[in-house]
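Dear colleague,

I am handing over the structure below, together with a summary of what turned up when I went through it. Please read the notes with the model open beside you.

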Amino acid sequence: MDFLSSTPHFHIFTWVVGIILFLVAAVMANGTKGKKITHMISRLFYVLILISGIALFIKGMDYGRGMEYGIKFLLGFLTIGMMEMVLVRSQKGKKVTTLWILFFVFLFATMYLGFKLPMGFEFF
């Protein structure tokens, strides 16, 4: 079994774990050692999400839907950016309400497009 055939499952695993780690880090108290460790592990998962997302983008070219996979990649990149900005700005004591809203908007747009595309799941 080659990497690209299992990429959708690996990608889903990485973003599920990444979002859980992000949410755990977001609710932890500022300045704790556990928050820093959780934040660093979530950064590792951001990289894994991006690598598997690039692999999906490349594989998406086989379906002739490169532009849609490119938009999904861009939305995913923006989602990860909002996750990181929420954690960093909250550590500095700055307001993050707008970033949280953007995070959820980008997350749901990415998930909708990802599940709608050919390598996604059909729920209905």
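How many residues does α3 have, and how far does α3 reach from its first C-alpha to its last? The helix has 26 residues and spans 37 Å between those two atoms, which is close to the 38 Å expected at 1.5 Å a residue. After α3 comes Gly-93, a residue whose phi is positive, near 80°.

Before the details, a word on confidence, since this is a predicted model. The protein chain averages a pLDDT of 88, and 91% of the residues score at least 70. Within the chain, the mean is lowest in α1, at 86, and highest in α4, at 94.

The cavity

A search of the whole structure finds one cavity of 30 Å³ or more, and about 440 Å³ of space lies in the largest cavity. There are 27 residues lining the largest cavity, and those closest to its centre are His-11, Trp-15, Leu-56, Lys-72 and Thr-110. The elements that give two or more residues to this lining are α1 (3-27), α2 (33-60), α3 (66-91) and α4 (97-116), and α3 gives the most, with eight residues. Sorted by class, the lining of the largest cavity has 19 nonpolar, seven polar and one charged residues.

The salt bridges

The count of salt bridges comes to two. In one of them, the side chains of Glu-84 and Arg-43 meet at 2.6 Å, N to O. Because Glu-84 lies in helix α3 and Arg-43 in helix α2, this pair ties together parts that are 41 residues apart in sequence. Glu-84 has a relative accessible area of 18% and is therefore buried, the cut-off being under 20%, whereas Arg-43, with a relative accessible area of 31%, is partly exposed.

The side chains of Lys-116 and Glu-68 also meet in a salt bridge, here at 3.8 Å, N to O. This pair, too, links distant parts of the chain, with Lys-116 in helix α4 and Glu-68 in helix α3, 48 residues apart. Both partners count as partly exposed: Lys-116 is at 44% relative accessibility, and Glu-68 is at 23%.

Two further residues

Is Tyr-69 buried or exposed? This residue, whose place is in helix α3, has a relative accessible area of 6% and so is buried. Tyr-69 and Lys-59 are ten residues apart in sequence, and their C-alpha atoms are 9.2 Å apart in space.

Gly-114, for its part, lies in helix α4, and it counts as buried because its relative accessibility is 16%, which falls under the 20% cut-off. The C-alpha atoms of Gly-114 and Thr-79 are separated by 13 Å, although the two residues are 35 apart along the chain.

To draw the points on α3 together: this helix gives the most residues to the lining of the largest cavity, holds Glu-84 of the pair with Arg-43, and holds Glu-68 of the pair with Lys-116.

With best regards

Terms used. Residues are numbered from 1 along each chain as its sequence is written. Side-chain values use heavy atoms; hydrogens and water are left out. On a 1 Å grid over the protein atoms alone, a cavity is a set of points where a 1.4 Å probe fits but cannot get out, and a pocket is an open set with protein on both sides within 12 Å along at least five of seven lines; lining residues have an atom within 4 Å of a point. Grid points are joined across faces, edges and corners, and a volume is the space filled by probe spheres set on the points. Helices (H or I, at least four residues) and strands (E, at least two) are DSSP runs, numbered from the N terminus. Ala, Val, Leu, Ile, Met, Phe, Trp, Tyr, Cys and Pro count as nonpolar, Asp, Glu, Lys and Arg as charged, and the others, Gly among them, as polar. pLDDT is the predictor's confidence in each residue, from 0 to 100. The expected span of a helix is 1.5 Å times one less than its number of residues. Buried means under 20% relative accessible area, exposed over 50%, partly exposed in between (1.4 Å probe, protein chains only). A salt bridge is a side-chain nitrogen of Lys or Arg within 4 Å of a carboxyl oxygen of Asp or Glu.
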